[in-house]
Amino acid sequence: TQGAPRYKRPLTPAEIGCTLSHLLVWDRIARGPAPVAIVLEDDARLRPGAGAQLAALAAMPVNWDMLKLCHSNRTAAGAAGVSAILPRRMPPCTIGYAITRAAAAQLVMRWVPFSRPVDNQLTYWWEHGACVKIAVPALGGAAADHADTSAIAAGRVQKGGHLRRLLANLGVQAGRRIAGIRHRGIRPRGRSWPDSGPVTPALPAVLALSGAEWIRTAGPQGC
């Protein structure tokens, strides 16, 4: 994101690698033949019946830029059985989602430099401009042993005592909530970018940047 707003702590190598992986996938989608693609992380687990839910979602109009398929939101299914909704509180996860080709191209060009994990940054819709919805009910979630085997979770250790970490987390959450309220009038409620076929985003030029330019990190006092 332009300007790379501060995060509560420096990103870990695993978080940086995860973000770059999603950027590379988005770049491939933007250049590819499919107007919509599904991205699943290696620990994603689909639930029984997910195939039928995907078929039902595919028959609906694509009125989103990204649709989170695997998440922790517990909103009950409506009469249609499955739907795409704009949640009041976006679950911060990238375990499994569908993304349009146009959105993939736009996000690649808007994401660098970055200072937040990719799943966290997606909750800042007023910065990236994408309409991110969730599938209800969720089609899946993370593997049962995700917390034990995830290199990203294992590396998320903040320096300082418990109180300092608590204050840093509260500061980030409060800042995000206030910013969300301030920008709620411009929140995308439908697709932001129409499809215009395969495109060549700016990722090749971005890859030429030095490591210091790829990310901008900050100490716990940042948000």
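1. Start with how the chain contacts itself: among contacts in the protein between residues at least 6 apart in sequence, 88% join residues at least 24 apart. A contact here is a pair of residues with heavy atoms within 4.5 Å. Keep in mind that this is a predicted model, where local features need pLDDT of at least 70 and side-chain atom pairs count only at pLDDT 80 or more, while totals for chains, interfaces and linings use all residues. Residues are numbered from 1 along each chain as its sequence is written, and side-chain values use heavy atoms, with hydrogens and water left out.

2. Overall make-up: I get 10 helices and 7 strands, taken as DSSP runs numbered from the N terminus (helices H or I, at least four residues; strands E, at least two). Of the 223 residues, 45% count as buried. Buried means under 20% relative accessible area, exposed means over 50%, and partly exposed is in between (1.4 Å probe, protein chains only). The accessible surface comes to about 11300 Å², and 58% of that belongs to carbon and sulfur atoms; the areas come from the Shrake-Rupley method with a 1.4 Å probe, and for residues only the protein chains shown count as cover.

3. Now the inside. The largest nonpolar core has 29 residues, and Leu 23, Trp 26, Met 66, Ile 99, Leu 107 and Trp 111 have the most contacts inside it. Elements giving two or more residues to this core are α1 (13–31), β1 (36–40), β5 (96–100), α3 (101–110) and β6 (132–136). Helix α3 supplies the largest share, 6 residues. Another core, of 10 residues, lies apart from it, with Ala 50, Trp 64, Ala 98 and Ala 135 among its members. By nonpolar core I mean a set of buried Ala, Val, Leu, Ile, Met, Phe, Trp, Tyr and Cys residues joined through side-chain atoms within 4.5 Å. As a general matter, nonpolar side chains tend to be buried together in soluble globular proteins.

4. Met 66 deserves a look. This residue is in strand β3 (residues 66–70) and is buried, at 1% relative accessibility. Setting aside neighbours within four places in sequence, Met 66 is in contact with Trp 26, Tyr 97, Ala 98, Ile 99, Leu 107, Leu 122, Cys 131, Val 132 and Lys 133.

5. The buried residues in α1 include Leu 23, Trp 26 and Asp 27. Helix α3 is mostly covered, with 7 of its 10 residues buried, including Arg 101, Ala 104 and Leu 107.

6. His 128 sits in helix α5 (residues 125–128) and is buried, with a relative accessible area of 1%. The His 128 side chain reaches the backbone oxygen of Leu 122 at 3.0 Å. Not counting residues up to four places away in sequence, His 128 touches Leu 107, Arg 110, Trp 111, Gln 121, Leu 122 and Trp 193.

7. How many salt bridges does the structure hold? There are 3, each a side-chain nitrogen of Lys or Arg within 4 Å of a carboxyl oxygen of Asp or Glu. Take Asp 27 and Arg 31, with closest N and O atoms 2.9 Å apart. These residues are 4 apart in helix α1, so about one helical turn separates them. Asp 27 is buried at 10% relative accessible area, whereas Arg 31 is partly exposed at 35%.

8. Another bridge joins Asp 195 to Arg 101, the closest N and O atoms being 2.6 Å apart. Asp 195 lies in the loop between α8 (162–182) and α9 (203–207) and Arg 101 in helix α3, so the pair ties together parts 94 residues apart in sequence. Asp 195 is partly exposed at 32%; Arg 101 is buried at 6%.

9. Then there is Glu 127 with Arg 116, at 2.9 Å from N to O. Glu 127 is in helix α5 and Arg 116 in the loop between α3 and α4 (118–121), 11 residues apart. Glu 127 is partly exposed at 23%, while Arg 116 is buried at 2%.

Methods
Polar contact = N/O pair within 3.5 Å; in protein donor to acceptor, adjacent residues only side chain to side chain.
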